[in-house]
Amino acid sequence: MDHREAVRVPVRVKARCRSEGIVIHGLVEDLSRGGMFLSSPDRIVAGAAAELTLEVPGQGAPLRLDARVVRVEHGRREGLAFRFVDPGTVRRALADLILREHQSAQ
């Protein structure tokens, strides 16, 4: 059973994760107002704080979010699941991206 607070929508957005001196580049697979999954073979440990930068098409500046790694996946689906720490500062830009991606997927 899925216990997420918000519905995740599939997206394809380039992103960068910076944590404890490590920089990871990957592709966001899904996104919600509370978190996201970054597909990447590179990893950091669960529980680590991270600064995420999403390259949003049509938006001048990248979207920056503070997050925490909640899960690391290996095997068939490789990557990192994040929970946003305080999306309030970018709430509108995040909501616009989710809505746009959700509408284009239908």
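Visitor: Which residue in E4 does Arg18 stand opposite?

Guide: In this predicted model, four bridges join E1 to strand E4, residues 49-54, and the two run antiparallel. Arg18 belongs to the uncovered face of E1, together with Pro10, Arg12, Lys14 and Arg16. Its position opposite in E4 is taken by Glu51.

Visitor: Which element gives the most to the largest nonpolar core?

Guide: The largest nonpolar core holds 27 residues, of which Val28, Leu31, Met36, Leu52, Leu54 and Phe82 touch the most other members. At least two residues each come from E1, E2, E3, E4, E5, E6 and helix H1. With five residues, the element that gives the most is E1.

Visitor: Which residues does Leu54 contact, leaving aside its neighbours within four places in sequence?

Guide: Leu54 is one of the core residues that touch the most other members. Its contacts beyond those neighbours include Val28 and Met36, which are also among those core residues.

Visitor: What distance separates the C-alpha atoms of Arg8 and Gly34?

Guide: Arg8 is found in the segment before strand E1. Not counting residues up to four places away in sequence, Arg8 touches Asp30, Leu31, Ser32, Gly35, Met36, Phe37 and Phe82. Arg8 and Gly34 are 26 residues apart along the chain, and their C-alpha atoms are separated by 8.7 Å.

Visitor: Is Asp30, which meets Arg77 in a salt bridge, buried or exposed?

Guide: The side chains of Asp30 and Arg77 meet at 3.1 Å, N to O. Asp30 lies in strand E2 and Arg77 in the loop between E5 and E6, so the pair ties together parts that are 47 residues apart in sequence. Because its relative accessible area is 14%, under the 20% limit, Asp30 is buried.

Visitor: Which residues do salt bridges that share partners join into one network?

Guide: Arg77 also meets Glu29 in a salt bridge, at 3.2 Å, N to O. A further salt bridge links Arg77 with Glu73, the closest N and O atoms being 3.9 Å apart. The network joins Glu29, Asp30, Arg71, Glu73 and Arg77.

Note on methods: Residues are numbered from 1 along each chain as its sequence is written. This is a predicted model: local features need pLDDT of at least 70, side-chain atom pairs count only at pLDDT 80 or more; totals for chains, interfaces and linings use all residues. Side-chain values use heavy atoms; hydrogens and water are left out. Contact means heavy atoms within 4.5 Å. Buried means under 20% relative accessible area, exposed over 50%, partly exposed in between (1.4 Å probe, protein chains only). Two strands pair if DSSP finds at least two bridges between them. A nonpolar core is a set of buried Ala, Val, Leu, Ile, Met, Phe, Trp, Tyr and Cys residues joined through side-chain atoms within 4.5 Å. A salt bridge is a side-chain nitrogen of Lys or Arg within 4 Å of a carboxyl oxygen of Asp or Glu.
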